[in-house]
Amino acid sequence: MEPTAILQPVIALGLWSGVMMIWMYATRIPAMNKAGIDPQDAAHPKTMELPSEVARIADNYNHLFEQPTLFYAVAITIAVLGHGDQTAVTCAWTFVILRVVHSLIQSTLNVVMLRFSVFMLSWVALLVMTIREALVIL
């Protein structure tokens, strides 16, 4: 297996975060204009009253900087230490795919229990990666 294979899902999730940022601003700016919200009022975006279909995209963008930060740390640790086997790579891609699905659910349908189920499955993939690496280095 290529030593950098574990880093491919890291870059993919980084790119997905960029997609979500573009989607967020592509919906937020027109919504702010329509609502007559001055850009300075965005200094504290949580206080802005935007439609749910706009706010939930921003919520998801923020979520991509919560749990995925642990994913980045674990995947990069695995890469640096040369522990990237097929199981780790599969778990990493599973995590990324489930986070993309989570984003799409939250940003469109926003069915909370479906979103939560996908979130928990992604957490399992990340937990497997983390526990396996902990067993190797501790």
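Predicted model: local features only at pLDDT ≥ 70, side-chain atom pairs only at ≥ 80, totals over all residues.

User: What does the C-alpha trace span along its principal axes, and what percentage of the residues is buried?

Analyst: The C-alpha trace extends over about 55 × 30 × 25 Å along those axes. Of the 138 residues in the chain, 37% are buried. The chain exposes about 7800 Å², of which carbon and sulfur atoms supply 69%.

User: What share of the contacts between residues at least 6 apart in sequence joins residues at least 24 apart?

Analyst: The share is 77%.

User: How are helix 1 and helix 2 oriented to each other, roughly parallel or roughly antiparallel?

Analyst: The angle between N-to-C directions is the guide, and angles over 145 degrees count as roughly antiparallel. The axes of helix 1 (residues 7–35) and helix 2 (residues 52–63) cross at roughly 150 degrees and come within 9 Å. Helix 1 and helix 2 are therefore roughly antiparallel to each other. The crossing of helix 1 past helix 2 is left-handed.

User: Which residues of helix 1 meet helix 2?

Analyst: From helix 1, S17, M20, M21, W23, M24, T27, R28 and A31 take part, and they meet V54, I57, A58, N60 and Y61 of helix 2. By class, the residues of this contact comprise 9 nonpolar, 3 polar and 1 charged.

User: Is L13 buried or exposed, and which residues does it touch beyond four places away in sequence?

Analyst: Relative accessible area under 20% is the criterion for a buried residue. L13, placed in helix 1, counts as buried because its relative accessibility is 0%. Leaving aside residues up to four places away in sequence, L13 touches L64, P68, F71, Y72, F95, V96 and R99.

User: Where is S103 placed, and is S103 buried or exposed?

Analyst: S103 lies in helix 4 (residues 86–107). With a relative accessible area of 0%, S103 is buried. Beyond residues up to four places away in sequence, S103 touches W16, M20, N60 and L64.

Notes:
Residues numbered from 1 in each chain as written. Heavy atoms only, no water. Axes fitted to C-alpha atoms, helices over the stretch in contact; angles between N-to-C directions. Helix = DSSP H or I, 4+ residues; strand = E, 2+ residues; numbered from the N terminus. Parallel < 35°, antiparallel > 145°, perpendicular 65-115°, else oblique. Left-handed = near helix turned anticlockwise from the far one by under 90°. Contact = heavy atoms within 4.5 Å. Nonpolar A, V, L, I, M, F, W, Y, C, P; charged D, E, K, R; others polar. Buried < 20%, exposed > 50% of the residue type's maximum accessible area, 1.4 Å probe, protein only. Areas by Shrake-Rupley, 256 points an atom, 1.4 Å probe, with all protein chains shown as cover.
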